[in-house]
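Please look at the sequence and the model while I take you through them.

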Amino acid sequence: MSASDTHAMRRGQGEMAPPSAIKLNINDQVRQLEVDPRTSLLDALREHLRLSGTKKGCDHGQCGACTVLINGRRVLSCLTLAVMHEDDEIMTIEGLGDPDHLHPMQRAFVECDGFQCGYCTPGQICSAVGMLAEVEAGWPSHVTADVSSPRVALTDDEIRERMSGNICRCAAYPNIVAAIRGSAEGGAT
Amino acid sequence: MRSFTYERATDTRAAVAAVARPGAKFISGGTNLLDLMKLDVEYPSHLVDISRLPLRDIEELPDGGLRIGAQARNSDVAADPRVRTRYPALSEALVSGASGQLRNKASTGGNLVQRTRCPYFYDTAADCNKRDPGSGCAAIGGFNRIHAILGASESCIATHPSDMAVAMTALDAEIELLRADGSARRVAITDFYRLPGDTPHIETVLGDDEMITGVLLPPPLPGRQVYRKVRDRASYEFALVSVAAVVSADRGTIREARVALGGVAHKPWRSVEAEDALTDRPATMDTYRAAAEAALRGAVGRGHNDFKIELAKRTLCRTLAQAAGASREPVSYPRPDQRAASGGTSQR
């Protein structure tokens, strides 16, 4: 980008973009909302739709607390715009399960005591669900000895590497790993 | 974040035309751009969302190479069976970068043009010629542990943060670009990036009215490919130094090699000097050391990053040994007295 572009951009500021009326498919429900184009998916979920299960940690893509599933894939809702996700299937922690019908991963976290304060937990659980689907699909990771091998053995090293985008400030990591391993093996107990 | 208007592109050429307007920018994965917009480092007045353009495929080329669409996600490229078996260094580089969540979003084209992680570039209160041309460089004389040792200038000592682009450089990739008038061109990845010189805000040869549509990988050289990354944490961290190497060895002699370094320069650093020092030489540690000395001959430290010169040499030796198939041979490094005679210098 040139310096003159930079100045042109600065001149272009000041006018507010009109709000966009969008439809988002969240937890199998179509929700209509009006958002400023700047609204992150995270803020749309929390502030517009009152789905506060998804947490805002750093808001810069470093902590993983805002992880949701979009079309089955784990992504950071703080680093994407709500207006970019019309036509997508968005799944948040509220859609995975509720206290009466826990998702197996949620149950595993409870049974393994995979948290202390719980703030990172929704992101950890959404990330873990997405991560196990990636393992199921045979995706390699940084600790996979041979990336050309089509199968992945879900060792603790693999779980830790694949979950490195989710920070737990209470450092409940050993129990988080146990919960994920338990869930992957089909039972947390 | 400053206000902007948004459009979702459905046609590739129309998208290129739309971005030519002043203040407009493409957005795809958004994982770098939106972060920079939150920090007021980037402030586009219009965003053209190209994430749904039909540029996601990874296709076989008639010559035995591969074409990776610019909108292919980093995780899809890393997991593609053809990439994993024929270009394993690319897969290794991709999975060594960022986190699972980010790789699911980040696009191939966006990864190529992501901005430096120099903390002064991010800090709008600091001088930065890249963010604010002419203001100066706070990294020179500042905390510069992560900064460049090769190809830097007195205007900018930032590094390019991509792992993917380092592997692509060792794999002789070409970048495919499209203009609004429909004309296309291909640029070798080494020519795509620019050194900082006195215009560090101009990072690539990409025009204001151009879009990256794909990356072309030629058929791989026979031989082993390795990507090795050295960093402050074992995961989810940028490289201090990384090396992508392809080594074609035959009965103990290196026939051909490709070497690229990451974390050391304003661009992925192809080392033809190291490649020349390897060609037709025995696959021994002495050869790797000579290649490492050749690669780092012009290296300049800035104080906190002086260690990177030695680290780059050692990482290069280790990676070459692995790529030449001698990964179990014990690796020994130059003794301090030998190091004193080697090329790198320190300039604070």
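Predicted model: local features only at pLDDT ≥ 70, side-chain atom pairs only at ≥ 80, totals over all residues.

Which residue of chain A forms a salt bridge with D76(B)? The partner is R73(A), and the closest N and O atoms of the two are 2.6 Å apart. By salt bridge I mean a side-chain nitrogen of Lys or Arg within 4 Å of a carboxyl oxygen of Asp or Glu.

Residues are numbered from 1 along each chain as its sequence is written, chains are lettered from A and ligands numbered from 1 in the order in which they are written, and side-chain values use heavy atoms, with hydrogens and water left out.

Let us turn to the interface. Across the interface of chain A and chain B, the rule finds four salt bridges. It also finds 25 residue pairs in polar contact, both residues being at pLDDT 80 or more. A polar contact is a pair of N or O atoms within 3.5 Å; within protein, one must be able to donate a hydrogen and the other to accept it, and residues adjacent in sequence count only if both atoms are side-chain atoms.

Which elements give two or more residues to the side of chain A that touches chain B? They are α1 (3-11), β4 (73-76) and α5 (121-136) of chain A. Here helices (H or I, at least four residues) and strands (E, at least two) are DSSP runs, numbered from the N terminus. The largest share of this side, six residues, comes from α1(A).

In total, 50 residues of chain A and 53 residues of chain B take part in the contact, where contact means heavy atoms within 4.5 Å. The two chains bury about 4300 Å² between them, 53% of it on carbon and sulfur atoms. Buried area is the accessible area (1.4 Å probe) that two parts lose on being put together, summed over both.

I now move to chain A itself. Chain A has seven helices and five strands. An open sheet of five strands has the order β2-β1-β5-β3-β4 in chain A, with mixed pairing; two strands pair if DSSP finds at least two bridges between them. Why is one side of β2 (29-35) and of β4 in chain A left without a neighbour in the sheet? Both stand at the edges, each with a single partner strand, so one side of each has no neighbour there.

Strand β3 (residues 67-70) of chain A runs antiparallel to β4(A), and four bridges join the two. Within this pair, L69(A) stands opposite R74(A) of β4(A). Helix α5(A) packs on the sheet, touching β3 and β4 of chain A, and its direction makes about 40° with that of β3(A). Axes are lines fitted to C-alpha atoms, for helices over the stretch in contact, and angles run from 0 to 180 degrees between N-to-C directions.

Finally, chain B. Three of its strands form an open sheet in the order β1-β3-β2, with parallel pairing. The edge strands are β1 (5-8) and β2 (24-27) of chain B. Four bridges join β2(B) to β3 (residues 46-49) of chain B, and F26(B) has V48(B) as its bridge partner in β3(B). Helix α1 (residues 12-19) of chain B lies across β1, β2 and β3 of chain B, running at about 140° to β2(B).
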